[in-house]
Amino acid sequence: MAKPADTRTAGRKPAAKSTRSAAETEKIRAALAARHDELRAEYDQTLSEITELQRDRLTDSAGDDQADTGTKTFEREQEISLANSILERITQVERALERLDEGGYGWCERCGNPIPVERLAAFPSATLCVTCKQLAERR
């Protein structure tokens, strides 16, 4: 259950945010864009592999019993789950780029406090500070 203090600070932004220099912003943008390109290439490769595996499975399914069919279905679901996971990470990076353009990058979307630089270095598309993320994971 949310504490009263949590509801008062939720969504509130600090009155004065420190601004980044243009060089810092461009460095962050370049890192996020590079990560986006990397993830997009990984996603495209994964889709290509899924398509090829599907084609192979269709031509090599004669004589399959129920166990073979179940195994192939399980593997296909895992591959699709992996592709969806990559797509979710792409969406997170795109959202981080939007926040960077809007001036909200590096600030917690829940409490409005700055997200530590160490957290952003480890997870550049972070939207919550460590405290808010821990609270969200407990729920």
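Mentor: Let us begin with a term: two residues are in contact when heavy atoms of theirs lie within 4.5 Å. The model before you is predicted, and every value below is computed from it.

A brief orientation comes first. The protein has five helices and zero strands, so that the order along the sequence reads α-α-α-α-α. Of its 139 residues, 24% are buried. When contacts between residues at least 6 apart in sequence are considered, 61% of them join residues at least 24 apart.

The part to examine is the pairing of helix H2, residues 22–59, with helix H3, residues 66–102. Two packed helices are described by the angle between their axes and the distance between the axes. Here the axes come within 9 Å and cross at roughly 160°. An angle over 145 degrees counts as roughly antiparallel, and H2 and H3 are therefore roughly antiparallel to each other. The crossing in which H2 passes H3 is left-handed. The residues of this contact comprise 18 nonpolar, four polar and twelve charged.

Two residues of H2 illustrate the pairing. Leu32 is found in helix H2. With a relative accessible area of 2%, Leu32 is buried, because buried means under 20%. Setting aside neighbours within four places in sequence, Leu32 is in contact with Val93, Ala96, Leu97, Leu100, Tyr105 and Pro124.

Apart from neighbours within four places in sequence, Thr46 is in contact with Glu79, Leu82, Ala83 and Ile86.

Leu32 leads us to the core. The largest nonpolar core has 20 residues, and those with the most contacts inside it are Leu32, Tyr105, Cys108, Cys129 and Cys132. H2 and H3 each supply at least two residues of this core. The helix that gives the most to this core is H3, with seven residues.

Finally, two loop residues may be considered alongside the helices. Ser125 is found in the loop between H4 and helix H5, the latter covering 130–138. Ser125 is buried, its relative accessible area being 8%. Beyond neighbours within four places in sequence, Ser125 is in contact with Gln92, Val93, Ala96 and Arg99. Val93 and Ala96 are also among the contacts of Leu32.

Ile115 lies in the loop between H3 and helix H4, the latter covering 117–122. At a relative accessible area of 5%, Ile115 is buried. Once neighbours within four places in sequence are left aside, Ile115 is in contact with Gly106, Trp107, Cys108, Leu120, Ala126, Thr127, Leu128 and Cys129. Cys108 and Cys129 are included among the residues with the most contacts inside the core. The C-alpha atoms of Ile115 and Val130 are separated by 7.5 Å, and these residues are 15 apart along the chain.

Methods: Residues are numbered from 1 along each chain as its sequence is written. This is a predicted model: local features need pLDDT of at least 70, side-chain atom pairs count only at pLDDT 80 or more; totals for chains, interfaces and linings use all residues. Side-chain values use heavy atoms; hydrogens and water are left out. Axes are lines fitted to C-alpha atoms, for helices over the stretch in contact, and angles run from 0 to 180 degrees between N-to-C directions. Helices (H or I, at least four residues) and strands (E, at least two) are DSSP runs, numbered from the N terminus. Angles under 35 degrees count as roughly parallel, over 145 as roughly antiparallel, 65 to 115 as roughly perpendicular and the rest as oblique. A crossing is left-handed if the near helix is turned anticlockwise from the far one by less than a right angle, and right-handed if clockwise. Ala, Val, Leu, Ile, Met, Phe, Trp, Tyr, Cys and Pro count as nonpolar, Asp, Glu, Lys and Arg as charged, and the others, Gly among them, as polar. A nonpolar core is a set of buried Ala, Val, Leu, Ile, Met, Phe, Trp, Tyr and Cys residues joined through side-chain atoms within 4.5 Å. Buried means under 20% relative accessible area, exposed over 50%, partly exposed in between (1.4 Å probe, protein chains only).
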